[in-house]
Structures are given as C-alpha cells and as structure tokens.
Amino acid sequence: MLQQEEIKSIDTILSDVKGQRGILIAVLQRSQEKLGYLPEDAMKMIAEQLKLSLSQVYGVASFYKHFHFKPRGKKIVKVCAGTACHVRGGKAVLTEMESKLGIKEGETTADRAVTLETVGCVGCCALAPVLTVNDQDLYGELTPKMVDDIIASVRSEHGTHV
Ligand code: FES
C-alpha cells in the first residue's frame with residue numbers, strides 16, 4: 001500500500017511526463033545523446049520549438065544532474081569520493097589525476113579525450129579507493145603511483161598517449 005507522500009510523487013511524475021516538462025526532458029535527453037552535451041544554441045532551439053523561454057529550458061535541464069552544459073571527453077573518469085575511498089586515500093588519487101591530466105575535477109582535457117569527475121560511493125568499498133571509466137571499467141586499490149598507467153591506458157584506447 002502506497003503512503004500519501006508516495007502517491008503524491010507518482011502523481012507529480014505522471015503529470016510531468018504527460019505535460020510539456022516530460023516532452024522537454026525527453027528532447028533534452030535525446031539531444032545530449034546526439035551532441036554529447038547541451039550547448040546553449042541547442043537549448044535555444046529547443047525552447048523556440050516548444051514555445052518555452054530559454055530560462056525555463058535551462059531551469060529544467062540544470063535540475064537534473066545527468067545533463068551537461070560543457071563538452072565532455074570520450075572517456076569519463078570518475079574518482080570515487082565516498083567515505084571509504086576518501087578515508088583510504090581517494091583524495092590523493094584525485095589530486096594526482098588532476099596534476100597529470102592538467103585539469104581540475106569537472107573539467108575536460110583540451111583534446112576532449114578525458115573528463116575528470118568525482119562520484120559518490122560506487123558500491124565497491126572493499127576495493128577502495130576506486131575510480132571508474134565510462135561507468136564500465138573499474139580500477140581499485142588505487143595509489144597515486146598507479147595514475148600514470150591508468151591515464152596511459154585510458155588514452156591509448158582513445159588513440160592518443162600521455
Ligand atoms: S566509497 Fe568508494 S566505492 Fe564505496
């Protein structure tokens with residue numbers, strides 16, 4: 001049996017999907033799939049077609065964490081910032097990554113090969129500290145010394161080298 005609050009959230013989801021907001025989210029999702037991110041010009045175009053303002057479109061897009069407004073790399077490296085990874089040296093791994101890639105967390109290398117991000121616990125705390133590449137490959141029991149090799153491997157799959 002659903003609680004009152006749960007019923008309310010389902011109601012909200014249903015009205016979102018039925019209304020313009022649902023259409024907008026679907027359009028944003030498909031645009032991001034095609035372009036890799038949501039450039040302002042694309043959002044302007046979407047706003048025009050759906051008869052919304054740019055700020056309405058941006059407001060919805062920025063509410064959801066999975067929409068990105070800057071170009072992202074072919075490889076998305078996510079260093080786990082969960083508690084177990086943090087306690088076991090995740091921050092040092094992130095710092096080394098930033099230094100070796102020459103970018104800060106949240107940024108993308110100039111050749112758009114790698115984007116560096118952090119993520120909450122990915123559920124592999126026994127292997128902490130960990131990082132993932134494109135949400136598929138997992139590297140565990142990391143130390144800053146391993147960073148060079150990981151970057152080389154990430155970049156070699158992209159066809160470039162450190
Ligand atoms: S805290 Fe990093 S995998 Fe759980």
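## Fold and helix packing

Read along the sequence, the chain runs α-α-α-α-β-α-α-β-β-β-α, a total of seven helices and four strands, where helices (H or I, at least four residues) and strands (E, at least two) are DSSP runs numbered from the N terminus. The model is predicted, so that local features need pLDDT of at least 70 and side-chain atom pairs count only at pLDDT 80 or more, whereas totals for chains, interfaces and linings use all residues. Residues are numbered from 1 along each chain as its sequence is written.

The chain is more spread out than a compact globule, because its radius of gyration is well over the value from the globule rule; the radius is taken over C-alpha atoms, and the rule is 2.2 Å times the number of residues to the power 0.38.

| Quantity | Value |
|---|---|
| Radius of gyration of the chain | 19 Å |
| Box of the C-alpha atoms, along the principal axes | roughly 50 × 45 × 20 Å |

Buried residues, those with 20 or more other C-beta atoms (placed from the backbone) within 10 Å of their own, make up 19% of the 162 residues.

The axes of helix H3 (residues 40-49) and helix H4 (residues 54-63) come within 8 Å and cross at roughly 115°, the axes being lines fitted to C-alpha atoms over the stretch in contact, with angles from 0 to 180 degrees between N-to-C directions. H3 is therefore roughly perpendicular to H4, a term that covers 65 to 115 degrees. The contact (C-beta atoms, placed from the backbone, within 7 Å) involves Met 43, Lys 44, Ile 46 and Ala 47 of H3, together with Leu 54, Gln 56, Val 57, Tyr 58 and Ala 61 of H4.

Methods: Angles under 35 degrees count as roughly parallel, over 145 as roughly antiparallel, 65 to 115 as roughly perpendicular and the rest as oblique. Two residues are in contact if their C-beta atoms, placed from the backbone, lie within 7 Å. A residue is buried if 20 or more other C-beta atoms lie within 10 Å of its own, exposed if 12 or fewer, and partly exposed in between; C-beta atoms are placed from the backbone.
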